[in-house]
Amino acid sequence: MKYLLKILAVVFLICSMYTLVSCSNAHIASSAGVDVVWGSHGPRVVPSMSIGVYGGGRR
């Protein structure tokens with residue numbers, strides 16, 4: 001039982017290292033602005049906000 005537990009711990013450690021390395025370049029980007037929507041009663045200003053998580057690349 002101890003042997004199996006040690007094997008599972010090592011596999012978990014290796015998997016977590018790969019996960020942390022692959023997420024190391026991820027960054028959060030946000031943007032805010034306004035959109036102009038044209039309707040039957042003329043233009044209307046609608047606020048817009050977005051938050052995204054982008055992986056890889058440099059900022």
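The model is predicted, so local features need pLDDT of at least 70, side-chain atom pairs count only at pLDDT 80 or more, and totals for chains, interfaces and linings use all residues. Residues are numbered from 1 along each chain as its sequence is written, and side-chain values use heavy atoms, with hydrogens and water left out.

**Whole chain**

Start with a cartoon view. The chain holds one helix and two strands, and from the N terminus on the order is α-β-β. Helices (H or I, at least four residues) and strands (E, at least two) are DSSP runs, numbered from the N terminus. Accessible areas come from the Shrake-Rupley method with a 1.4 Å probe; for residues, only the protein chains shown count as cover.

Of the 59 residues, 3% are buried. Buried means under 20% relative accessible area, exposed over 50%, and partly exposed in between (1.4 Å probe, protein chains only). Among contacts with a separation of 6 or more, 40% join residues 24 or more positions apart; contact means heavy atoms within 4.5 Å.

**The nonpolar patch**

Select Val34, Val36, Trp38 and Val45. Together they form a nonpolar patch on the surface, with about 470 Å² of accessible area. Patches are made of residues with over 30% relative accessible area and no salt bridge; like charges are joined within 9 Å, nonpolar side chains (Val, Leu, Ile, Met, Phe, Trp, Tyr) within 5 Å. A salt bridge is a side-chain nitrogen of Lys or Arg within 4 Å of a carboxyl oxygen of Asp or Glu. Strand E1, residues 27–39, gives the most to this patch, with three residues.

**Val34 and Ser48**

Next, centre on Val34 in strand E1. Val34 counts as exposed because its relative accessibility is 56%. Then pick Ser48 in strand E2, residues 42–54. Ser48 is at 26% relative accessibility and therefore counts as partly exposed.

Draw a C-alpha to C-alpha distance between Ser48 and Val34: it is 5.5 Å, although the two are 14 residues apart in sequence. Not counting residues up to four places away in sequence, Ser48 touches Ser31, Ala32, Gly33, Val34 and Asp35.

**Pro43**

Finish at Pro43, also in strand E2. Pro43 has 54% relative accessibility, so it counts as exposed. Which residues does Pro43 contact, leaving aside its neighbours within four places in sequence? They are Val36, Val37 and Trp38. Val36 and Trp38 were already selected as part of the nonpolar patch.
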